[in-house]
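Please read the following report alongside the sequence and the model shown here.

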Amino acid sequence: MTSPDTLSESDLHAYVDGELDDGGLIEVEAWLAGHPNDAAKVHAYQLQKRQMHRLYDQDADDARVPERTFALIDADRPSAWLPGWRRMAAGIVLLLAGGLGGWFGSGLGGGDAPSAGNQFVQRALGAHVVYAHDENRPVEVSGGDETRLLSWLSGRLGHKLMIPNLKGAGFKLMGGRLVADKGDPAALFMFEDGKARRVSLYVRPGMGGGNTKFRVIAEHGMVAFYWTNGQLTYALSGEMAQGDLLSLVQMVHDDLTSRSS
Amino acid sequence: MDKRAALTDALADVMRYARALTRNGDTAEDLLHDCVERALSRLHQFEAGTNMRAWLFTILHNIHRQNLRTQSRRPAPASLTDELAARIGQPGDQDDRLALRDFDRALAELAEEQRAVILLIGLEDLSYAETAEVLDIPVGTVMSRLSRAREKLRLSMDGNLKPSLRSVK
């Protein structure tokens with residue numbers, strides 16, 4: 001077998017990295033047999049590869065991947081999308097669960113408690129059912145004195161609250177009340193339209209996570225969406241079609257966002 | 001395989017690469033997270049049957065480049081060095097452990113663009129062509145960076161193996 005006269009540096013690397021075809025392989029092996037310096041280089045390069053694997057292979061472990069990153073993928077599953085509402089707003093994730101049993105929440109904003117959002121929205125829906133159906137006293141303080149209502153509830157929650165304007169959709173503020181949300185003060189604002197349909201906005205200080213995410217649960221004709229901006233967590237509940245409530249959610253979100261920025 | 005499943009399967013390797021490249025656990029986690037977020041939004045662009053890992057590495061490098069451009073200073077690369085030092089401190093042959101520690105130090109001293117090439121090819125088993133695509137550079141540049149990086153590592157390891165020769169002078 002004849003040995004080539006010269007061999008380039010890149011041939012040595014291509015040999016180490018398995019980039020050569022059979023002919024090239026034979027050529028390089030023949031060369032290395034007669035050139036111990038190059039053979040030593042090749043040996044060193046091969047050792048480098050093994051050492052990189054010894055150093056880093058244990059990082060190739062799912063346990064190293066943060067939970068929040070897996071949650072991203074879970075949240076993106078096609079079955080999780082509400083058809084047609086895909087692009088409700090840029091950067092907003094909208095999930096649909098077919099009922100409380102079908103909830104697959106992975107935490108508010110990828111927070112540490114996987115069911116925190118689930119529990120929150122259930123409490124909001126529960127409060128809506130209790131107060132919206134109360135014929136006598138659905139609110140504690142009427143919406144006629146919005147300033148007093150806001151300063152009272154903002155003080156109790158320790159956050160500057162805002163009441164969204166839903167008049168464009170025909171909903172007027174009835175008023176609000178203080179509610180206990182898992183031992184923390186939360187605010188509930190009730191709205192009503194001309195057909196006596198009521199929706200309530202349930203607000204509490206943020207529960208971790210900073211991303212705005214819209215999620216929805218639906219049960220027995222009741223629907224609730226919730227989202228968070230990190231500072232405050234909101235749920236809007238009502239007894240109406242998801243699409244109708246969703247346009248209200250969008251109105252609330254846009255109004256609050258535009259006024260807070 | 002379902003694209004989403006392929007993406008999930010590739011995460012651990014992308015994590016390994018992000019950590020080895022940036023040598024900073026927090027930076028690597030953020031990079032991986034942003035990479036996955038962008039990949040999900042472009043999953044329809046991924047061609048089934050092509051290399052999912054290479055596709056993710058490409059996205060990761062694009063984000064990494066943007067981050068470096070907008071950051072006034074790079075995060076300190078120290079955090080992983082300590083962790084790796086502890087890792088190397090596991091039982092084993094003493095000389096061997098020292099060699100591994102020196103090797104890691106030499107890797108850390110490489111320019112990041114050289115480390116990227118040597119990691120993609122040597123650790124992640126990408127072809128030269130795939131590496132060129134990931135880093136958006138010509139194959140010739142991949143080869144020259146690879147060759148320079150490996151020689152630098154080899155020489156620094158050689159130096160460590162012969163301390164007596166250096167101290168004689």
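## Terms and numbering

The axes themselves are lines fitted to C-alpha atoms, for helices over the stretch in contact, and the angles run from 0 to 180 degrees between N-to-C directions. Helices (H or I, at least four residues) and strands (E, at least two) are DSSP runs, numbered from the N terminus.

This is a predicted model, in which local features need pLDDT of at least 70 and side-chain atom pairs count only at pLDDT 80 or more, while totals for chains, interfaces and linings use all residues. Residues are numbered from 1 along each chain as its sequence is written, and chains are lettered from A and ligands numbered from 1 in the order in which they are written.

## A helix pair in chain B

Helix H6 (residues 112-122) of chain B packs against helix H7 (residues 128-135) of chain B at an angle of about 140°, and their axes are 10 Å apart. H6(B) and H7(B) are therefore oblique to each other. Their crossing is right-handed; a crossing has that hand if the near helix is turned clockwise from the far one by less than a right angle, and it is left-handed if the turn is anticlockwise.

Two residues are in contact if their C-beta atoms, placed from the backbone, lie within 7 Å. From H6(B), Ala116(B), Val117(B), Leu120(B) and Ile121(B) meet Thr131(B), Val134(B) and Leu135(B) of H7(B). Sorted by class, this contact has six nonpolar residues, one polar residue and no charged residues, where Ala, Val, Leu, Ile, Met, Phe, Trp, Tyr, Cys and Pro count as nonpolar, Asp, Glu, Lys and Arg as charged, and the others, Gly among them, as polar. H6(B) is also mostly covered, with nine of its eleven residues buried, among them Gln114(B) and Arg115(B). A residue is buried if 20 or more other C-beta atoms lie within 10 Å of its own, exposed if 12 or fewer, and partly exposed in between.

## Two further places in chain B

Ala39(B) lies in helix H2 (residues 25-41) of chain B, and it counts as buried because it has 25 C-beta neighbours inside 10 Å. Apart from neighbours within four places in sequence, Ala39(B) is in contact with Leu7(B), Leu56(B) and Ile59(B). Ile59(B) is 20 residues away from Ala39(B) along the chain, and the C-alpha atoms of the two are separated by 7.1 Å.

Arg23(B) lies in the loop between helix H1 (3-22) and H2 of chain B. Its phi is near 55°, a positive value in a residue other than glycine, and with 23 C-beta neighbours inside 10 Å Arg23(B) counts as buried.

The secondary structure of chain A comes to seven helices and eight strands, and buried residues make up 35% of its 261 residues. Among contacts in chain A between residues at least 6 apart in sequence, 57% join residues at least 24 apart.

Between the chains, 29 residues of chain A are in contact with 32 residues of chain B. Helix H1 (9-16), helix H3 (36-56) and helix H4 (67-76) of chain A each supply at least two residues of the side that touches chain B, and the largest share, eleven residues, comes from H3(A). By class, this side of chain A has ten nonpolar, six polar and 13 charged residues.

## Strands and loops of chain A

Strand E7 (residues 222-228) of chain A has six of its seven residues buried, so it is largely enclosed by the rest of the structure. Six bridges join E7(A) to strand E8 (residues 232-238) of chain A, and the two run antiparallel; strands pair if DSSP finds at least two bridges between them. Tyr226(A) stands opposite Ala235(A) in E8(A). The hairpin of E7(A) and E8(A) has three residues between the strands, and there Gly230(A) takes a positive phi near 95°.

Lys182(A), in the loop between strand E3 (172-181) and strand E4 (184-192) of chain A, has a positive phi of about 55° although it is not a glycine. With 11 C-beta neighbours inside 10 Å, Lys182(A) counts as exposed.

Terms used: Angles under 35 degrees count as roughly parallel, over 145 as roughly antiparallel, 65 to 115 as roughly perpendicular and the rest as oblique.
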